[in-house]
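Thanks for making the time; I would like to walk you through one structure this morning, going from the overall fold to a few side-chain details. Please have the viewer open while I talk.

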Amino acid sequence: ALTWPLRAQTLSPVFLAGGCVSMGYLIQAAFNLAVIRRWSGKTEIGVRLSTLLTPSFSRSGWRMLKASLTLSMLGFLGVANDRLTAFLIEGTAMGFLPAYLLLGQMLGGAAGILSQFNRLLVARAANGQDAASPMRAMAVLLLAPLALLLLAVALRCDNGYRDVPSAWLQLGLPVLLDWTLSAVGGGMAAVLIGRRQEKKLALAILFGVALSISAQLAGAWQGSADAVLWARVAGSTLSLAAVARLSGLTVPASLPLFGLAAGLGSLSQAGLLPWPVPAAASLIVLAAVLARDAAPFRRAFGAIGAAAQTASGKTRTNSRCAD
């Protein structure tokens, strides 16, 4: 509808499409605010809801707006870093680009699930509660299946598997490692957001993204897709180290081992190492996850089970007394 009156104008189609999409979102936001103001002012609870959902121009409202813009900038930097990789791969490894885009969509869906966990971490950190235990649990639940996946690649996909070229597996492993580092770092970033340390978080991610983009451009200039993807891993590693230091949380002991195993797996798919090397490294990662990182996780679940059993015993005792 917006493009119809402007069809005769000599505007760039790209500019016109982008402007119309932005106008569409603006119309939706204005309509939503109008509906909220109309229907939420009829009850006392509705009035409170309206004040929470509509913009406030008080001092605290401007502070929240500034924090929101900071977080939006972080999201923009992440998207720019991700989109740049696709363009650089197009020039260095055109055959891998469809697999990279498909893998990116799959990992993006998994990241959407983890974002719900991160929202709970924000609330937990904002209330002053312990955030280290949930982060350990997330790391264990994340790294254990990834270690098994890496082991399966080493055992079944040596020099390719069926219709999957070994070059795709060689380039897919750094993508998987980069996503893992970003997922663990995202949980720690959620803790910093809950503590209202958005500025420090923005600086840490800014340095990591700057390193990633610079190194990716250098890898593309050399004509190496491996260098482009491992440059992203270097940027994610720097951001994770900075965020872990700011949050005071410990990086899982098995995470560096997982990075080493992914690197060995990539070298194996390139034909530079025999498959038992990455397979053994994957087993070491899995053992580290289950033996060291999962110990607090098991104790927490054991405490929950003991508490549930105690509560069940009290219920049975009370019912017998009542009889």
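This is a predicted model: local features need pLDDT of at least 70, side-chain atom pairs count only at pLDDT 80 or more; totals for chains, interfaces and linings use all residues.

Residues are numbered from 1 along each chain as its sequence is written, and side-chain values use heavy atoms, with hydrogens and water left out.

Now the fold. Helices (H or I, at least four residues) and strands (E, at least two) are taken as DSSP runs and numbered from the N terminus. On that basis the protein has 10 helices and zero strands, which along the sequence reads as α-α-α-α-α-α-α-α-α-α.

I will pick out two of these helices, and for each I compare the end-to-end distance with an expected span, defined as 1.5 Å times one less than the number of residues. Helix H4, residues 97–126, has 30 residues and reaches 41 Å from its first C-alpha to its last, close to the 44 Å expected. The buried residues of H4 are Leu97, Ala99, Tyr100, Leu107, Leu114, Asn118, Leu121 and Ala125, and the helix is followed by Gly128, whose phi is positive, near 80°.

H9 is mostly covered, with 12 of its 16 residues buried, among them Leu255, Phe258, Leu264 and Gln269. After H9 comes Gly271, which has a positive phi near 85°.

Which side chains meet in salt bridges? By a salt bridge I mean a side-chain nitrogen of Lys or Arg within 4 Å of a carboxyl oxygen of Asp or Glu, and a search of the whole structure finds three. In one of them, Arg83 meets Asp82 at 2.8 Å, N to O; Arg83 is partly exposed at 47% relative accessibility, and Asp82 is also partly exposed, at 28%. Asp82 meets Arg232 as well, at 3.1 Å, N to O. Since Asp82 lies in helix H3 (residues 59–92) and Arg232 in helix H8 (residues 225–247), this pair ties together parts that are 150 residues apart in sequence. Arg232, buried with a relative accessible area of 12%, meets Asp178 in turn at 3.0 Å, N to O. Asp178 belongs to helix H6 (residues 166–194) and Arg232 to H8, so here the parts tied together are 54 residues apart in sequence. Asp178 itself is buried, at 7% relative accessibility. Through their shared partners, these salt bridges join Asp82, Arg83, Asp178 and Arg232 into one network.

Next, the aromatic side chains. Rings of Phe, Tyr and Trp (its six-membered ring) pair if their centres lie within 6.5 Å, and planes under 30 degrees apart count as stacked, over 60 as edge-to-face and the rest as tilted. The search of the whole structure finds one such pair. The rings of Phe96 and Tyr100 have centres 6.2 Å apart and planes at 50°, so the pair is tilted. Phe96 is buried at 3% relative accessibility, and Tyr100 is buried at 6%.

A cavity, on a 1 Å grid over the protein atoms alone, is a set of points where a 1.4 Å probe fits but cannot get out, and lining residues have an atom within 4 Å of a point. Grid points are joined across faces, edges and corners, and the volume is the space filled by probe spheres set on the points. The structure holds one cavity of 30 Å³ or more, and the largest cavity has a volume of about 40 Å³. Leu150, Val153, Ala154, Leu173, Gly265, Ser268, Gln269 and Pro278 line it, with helix H5 (132–156) and helix H9 (254–269) each supplying at least two residues of that lining. Counting Ala, Val, Leu, Ile, Met, Phe, Trp, Tyr, Cys and Pro as nonpolar, Asp, Glu, Lys and Arg as charged, and the others, Gly among them, as polar, the lining divides into five nonpolar, three polar and no charged residues.

Notes:
Buried means under 20% relative accessible area, exposed over 50%, partly exposed in between (1.4 Å probe, protein chains only). On a 1 Å grid over the protein atoms alone, a cavity is a set of points where a 1.4 Å probe fits but cannot get out, and a pocket is an open set with protein on both sides within 12 Å along at least five of seven lines; lining residues have an atom within 4 Å of a point.
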